[in-house]
Every structure is written in structure tokens, then in C-alpha cells.
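Open the model in your viewer and keep the selection panel at hand. The stops below can be taken in order.

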Amino acid sequence: MYRSAVRSKGARAAGITTAAVAALALAPMGAATAAPPSACDLRTNNTYEKLLQCVSVDAVMEHQEAFQDIADANDGNRAAGTTGYTKSVDYVVKTLTAAGWKVSLDEFPFTYVPPPELQQLTPVSGDYETAVFTGTGYGEVVGNVIPVDIVTALPRDPVTSGCEDSDFTGLDFTGTTDIALIQRGTCEFGVKAINAQEAGAEAVILFNQGNTPLRSGPFTGTLFGVNTQPATVPVVSASFADGVALAQPGSTARIVVDAPESRPQLNVIAELPGRNTSNVVMAGAHLDSVQAGPGINDNGSGSSALLEIAQQISKVTPENTLRFAWWGAEESGLLGSRAYVTELSGTEKDRIALYLNFDMVASPNYIFMVYDGDESGWKAPTGVPIPQGSIQIEDLFESYYTKMGIPYDDAQFSGRSDYQAFIQNGIPAGGLFTGAEVPKTVQQAAIWGGTAGAQYDPCYHIACDDIDNLDLHALDVNSDAIATAVLTYAFSTESVNGVVGKPLPEDYFLPAPAGPERTVNLPGGGGLSPDHDHDHDDAG
């Protein structure tokens with residue numbers, strides 16, 4: 001269902017009806033019959049109607065299938081520093097080159113951290129999901145697991161496991177290889193790890209606290225803080241449930257943490273020159289997955305939608321120059337996009353009219369969200385600027401949803417994706433998001449359907465983020481929304497930065513945004529949990 005506006009943005013609607021968006025309405029875009037693929041290969045898609053006929057969800061899914069095939073052939077993932085990522089770059093470059101785009105590869109430094117291993121050997125056997133901590137030592141350890149002041153009974157709060165030297169009193173770490181099992185809580189990870197190391201442990205497993213759902217699953221963090229020196233022994237994490245299994249009497253385990261190595265990575269940058277080379281419209285999506293899975297929603301969805309749009313718009317001669325980016329190492333701390341923007345001169349930054357970001361646009365338990373440029377639903381965190389012009393980008397996406405009769409809500413402008421470096425340099429930005437690890441509320445399920453109480457993406461950052469982990473309706477709607485924004489700004493960015501463009505050869509009207517569906521307060525920022533952080537600098 002769709003309910004009427006909760007807030008009015010009518011005063012800002014005039015910013016959308018520019019030379020690029022004229023005054024006469026067409027039939028709803030979604031009602032257009034898809035053009036035959038052969039017609040799309042031959043014609044110039046220089047109107048909304050023609051472009052959206054050719055940007056089909058079936059075509060976007062062909063790219064998704066290609067990314068899945070790449071992951072299947074390369075250890076199940078497309079993470080930065082792996083052959084899966086290299087093959088993904090090759091696929092994007094080949095596709096763009098064939099479509100006639102000018103393609104370049106932007107190299108940036110990257111330190112590859114091989115995935116760690118955590119196996120329980122006795123009294124039960126199992127391979128457990130794990131991660132390393134920044135500041136860990138390296139090596140392979142097989143030994144006895146020694147629990148250190150852990151609390152498995154509810155409420156499990158507070159937990160001071162490993163925070164004091166006295167926690168290790170009476171525990172025997174004099175064996176050849178002993179592994180300290182320590183529970184998260186109260187003090188910094190580094191304090192716990194160094195205390196265990198000084199007590200004689202040859203490795204440390206830090207398992208989650210288990211007092212809330214957000215502190216129960218796999219996690220990671222840094223050992224730096226009060227301690228300024230790294231650990232010399234391997235330090236890995238485990239979920240609460242796996243920690244309980246490892247705490248059984250007679251438990252032994254195997255830990256492997258290999259040393260990191262330098263593996264420079266690549267961003268793919270593609271450009272379609274416009275008549276105005278001094279006004280550049282950028283759009284981007286990160287191409288890498290996490291090491292745990294193929295990343296078909298996160299972020300094959302944004303990457304595939306942008307790739308299909310690039311193919312279908314390639315015969316257009318835009319007024320403004322179009323530049324698309326497929327970023328590397330986003331999952332490692334937004335490294336590719338940060339490096340790219342840092343390398344730009346002041347003049348090059350000034351040429352960028354705006355940046356559009358698409359990260360997770362087909363979550364299986366989706367809600368439709370737009371980055372909240374006007375902060376009407378979410379205040380941006382301290383230190384996250386929202387440049388002038390970002391509100392108008394938000395308006396454009398909301399106007400598209402309104403035209404199509406699709407309810408939407410705000411996503412916090414949190415700085416937690418590849419737009420971060422752009423807004424920090426004063427470049428207007430916006431984008432779409434369908435949610436990550438936050439559970440959908442009952443109210444949201446009544447508006448968008450789906451399952452209340454389940455995450456927007458139940459496979460977020462795990463192995464099941466595969467080709468079946470998508471909602472095709474969300475992917476279809478958002479692919480068209482992205483195409484609409486790209487074509488609009490390809491011809492005029494007047495509403496964003498005041499640069500007058502030229503009208504498209506089509507009369508078209510986008511209504512004023514109806515206003516978002518105001519739902520109950522979400523934890524974190526419209527789809528991300530409060531401690532979601534690509535830098536992984538969580539404390540204990």
C-alpha cells in the first residue's frame with residue numbers, strides 16, 4: 001500500500017523541473033513495454049522512455065550471473081586482493097570497452113590479509129567463522145583451549161573476562177601451545193589480548209558477549225587503544241555460540257593467521273565525454289565482496305545496475321561528461337574511493353558536479369531508502385558534512401518513487417559508503433539503499449511487504465549472499481531510478497550546482513516528492529546497525 005505524504009517538499013520541487021525535466025507528463029515509466037534487445041543494441045537511448053525500456057531487470061541479472069560465476073570459480077568470493085576481484089575487474093572492463101566507453105584503471109595501495117582459520121578439534125569438530133583483529137600476531141597454533149573468567153548464563157552483562165591479571169590466576173598456560181578463550185565485554189580487546197599473552201597464551205580467541213543480538217554473531221576490531229604495541233600471538237574472533245562450544249572441557253583448537261602482504265588493487269573508471277567536459281556527473285558502486293561470500297547483493301546489485309545503464313546509454317552524446325566508477329576495497333575501509341578522490345587535484349574536484357552512490361539496492365527483505373540529504377529523518381553524524389546540492393539529488397530520487405507510486409523512507413547520510421570521500425571534499429552526493437543487517441519492523445512489513453523481525457538482508461556479509469539473495473522487484477525499480485537520475489544529470493545539473501544544461505528530446509514531468517513513510521526509529525542509520533563500520537575500530 002502507499003500512504004500520502006507525511007511531509008511537504010513542494011517548495012523544492014521546482015528544482016527538478018529544469019531544462020532536463022520539462023512540464024508534460026508521460027505515462028508511468030514502469031508501464032512501458034520493454035524494447036527487444038536487438039532494438040536496444042541499435043538505437044540511441046536519449047529519452048527516459050527509451051532508456052528505461054532497455055534497462056531491464058533480466059539484463060541486469062545477466063551481469064549478476066557473471067559475478068556469481070566468477071565467485072564460484074574463485075573460492076566463493078570476489079574480495080579485494082583475490083583472483084575473484086581481479087576477474088570481476090576484467091569482466092567490467094571488457095563489458096565497458098565493448099560498449100564504447102573510455103576505460104582506465106586506477107591503482108591504489110592495498111594490504112591483503114588472508115582469511116584466518118579457526119577449527120575446533122575436540123571434543124567436537126567444526127570449522128568456525130572468524131576474523132582477525134588489527135594488531136594481531138601471526139602463525140599457526142594447535143593447542144588446548146583455556147576459558148578465562150567467561151559468563152555463559154544470562155544476562156551475561158557485565159563481562160570482565162580477561163580485563164585483569166587476576167582473571168588468569170590459577171589457570172595453567174605453561175603448556176607448549178595454549179589458547180586463551182576470552183569473552184567480549186567491559187574493557188578493550190587489546191587489554192584482554194595482551195593480558196593473555198603476558199599470562200603465557202600462544203593464541204587468543206575473543207568470542208562475542210552474547211548479551212544482545214548485535215553482540216552475538218561474528219565480529220572483529222582493533223587491539224590498539226590503551227595498548228600502543230601490537231600483539232605477538234594470533235588473535236581471532238568467534239561468535240558467542242561458537243565460544244560456548246569451544247569452552248567445553250577437553251577442548252582443543254587450531255588457529256591460522258597468515259601475515260598480510262602488499263597487493264595493489266584497481267578501481268575501474270569509465271568515461272563518456274559530453275559537450276561540457278568541465279561539468280562531470282559521477283556515479284559509482286563498489287565491486288568487491290567480503291571474503292565470506294560472493295557479494296551478489298553487496299554489492300553486485302549496484303555494480304550490475306550501473307554496468308547495464310552504462311551499456312544502454314553508451315550511444316548518447318550527453319551535455320555533461322559522464323564518469324562511472326567501480327570501486328575496489330570498499331569492504332576494507334572505503335579504500336579505493338578514498339584513494340581516488342585524494343589523488344584528484346583541486347581543479348579536478350571542482351569539475352565534479354555531483355556523485356551518485358549505489359550500494360545494496362536489491363536486498364531480499366528490502367525497504368526503499370534514499371540518502372537523507374536534508375536530514376529530515378536522520379541527522380548526519382558529527383564530522384559528516386552534507387554539501388549544498390545533495391538535497392536536490394534526494395528530491396530527484398524521491399520524485400521518481402512518487403511518480404511510480406512507490407513508498408520510500410530516508411537512509412542516514414552516515415558516510416559509511418563510497419560517497420564519503422566526495423562529501424568530505426564538498427561534492428554533492430546522493431544515492432539509494434535497501435538495507436543491510438537491521439531487522440525490518442512490523443510497520444515496515446505492512447508498507448513494503450516482507451518479513452518483520454528478519455534483517456533487510458539476512459545474508460549480509462556471509463556466504464549466502466549469492467544469486468538467490470535478491471529481490472528482483474527492488475532491483476528492477478532501483479535500476480530504473482538510477483537510470484532516471486543518470487540521464488537527468490547527463491543533460492543538466494542546474495538543480496544541483498547551477499550549471500545550465502540542455503533539454504532532453506522529450507517532454508517529461510516528475511512530481512514533487514510525496515514525502516517518506518515515517519516508520520519507527522531504526523537502530524543505526526536506516527538499515528545499518530549502530531556499530532557497522534568498515535574500519536572495524538570497535539572497542540570491547
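What follows is a tour of selections, with what is found at each one.

This is a predicted model, in which local features need pLDDT of at least 70 and side-chain atom pairs count only at pLDDT 80 or more, while totals for chains, interfaces and linings use all residues. Residues are numbered from 1 along each chain as its sequence is written, and side-chain values use heavy atoms, with hydrogens and water left out.

**Stop 1: helix 8**

Select residues 300–313, which make up helix 8. Helices here are DSSP runs of H or I with at least four residues, strands are runs of E with at least two, and both are numbered from the N terminus. Helix 8 has 14 residues and reaches 20 Å from its first C-alpha to its last, close to the 20 Å expected at 1.5 Å a residue. That expected span is 1.5 Å times one less than the number of residues.

Is helix 8 mostly covered or uncovered? It is mostly covered, since 13 of the 14 residues of helix 8 are buried. Buried means under 20% relative accessible area, exposed means over 50%, and partly exposed is in between (1.4 Å probe, protein chains only).

Now step back to D298 and N299, which are joined by a cis peptide bond with omega of about 5 degrees. N299 lies in the loop between strand 12 (276–286) and helix 8.

**Stop 2: another cis peptide bond**

Select D157 and P158. A cis peptide bond joins D157 and P158 too, and its omega is about 5 degrees. The loop that holds P158 runs between strand 5 (139–147) and strand 6 (178–183).

**Stop 3: salt bridges**

How many salt bridges does the structure hold? There are five. A salt bridge is counted when a side-chain nitrogen of Lys or Arg is within 4 Å of a carboxyl oxygen of Asp or Glu. Side chains of opposite charge can pair when their charged atoms come close.

Show the side chains of E117 and R254, which meet in a salt bridge at 2.9 Å, N to O. E117 is in strand 3 (residues 117–122) and R254 is in strand 9 (residues 252–257), so this pair ties together parts that are 137 residues apart in sequence. E117 is partly exposed, with a relative accessible area of 35%.

Next, select E261 and R263, a salt bridge whose closest N and O atoms are 3.0 Å apart. R263 is partly exposed at 27% relative accessible area, and E261 is also partly exposed, at 37%.

Then go to E271 and R323, where the closest N and O atoms of the salt bridge are 2.7 Å apart. Because E271 lies in strand 11 (residues 265–272) and R323 in strand 13 (residues 320–327), the pair ties together parts that are 52 residues apart in sequence. R323 counts as buried, at 7% relative accessibility.

**Stop 4: positive phi angles**

Stay with strand 13 and move to A329, in the loop between strand 13 and helix 9 (335–343). Phi of A329 is near 55 degrees, a positive value in a residue other than glycine. Is A329 buried or exposed? A329 is buried, with a relative accessible area of 0%.

T186, in the loop between strand 6 and helix 6 (189–199), is not a glycine but has a positive phi of about 75 degrees. T186 is exposed, with a relative accessible area of 57%.

**Stop 5: a negative surface patch**

Select D58, E62, E65, D69, D72 and D468, which form a negative surface patch. Patches are made of residues with over 30% relative accessible area and no salt bridge, with like charges joined within 9 Å. D58 is placed in helix 4 (residues 57–72) and counts as exposed, at 59% relative accessibility.

**Stop 6: two C-alpha distances**

Select V477, in helix 14. V477 is buried, with a relative accessible area of 8%. Its C-alpha is separated by 8.6 Å from that of Y401, and V477 and Y401 are 76 residues apart along the chain.

Finish at Y460, in the loop between helix 13 (442–448) and helix 14 (472–491). Y460 is buried, with a relative accessible area of 11%. The C-alpha atoms of Y460 and F168 are separated by 37 Å, and these two are 292 residues apart along the chain.

Note on methods
Patch = residues over 30% accessible without salt bridge, like charges linked within 9 Å, V, L, I, M, F, W, Y side chains within 5 Å. Areas by Shrake-Rupley, 256 points an atom, 1.4 Å probe, with all protein chains shown as cover. Lys, Arg positive; Asp, Glu negative; His and termini not counted. Charge placed at Lys NZ, Arg CZ, Asp CG, Glu CD.
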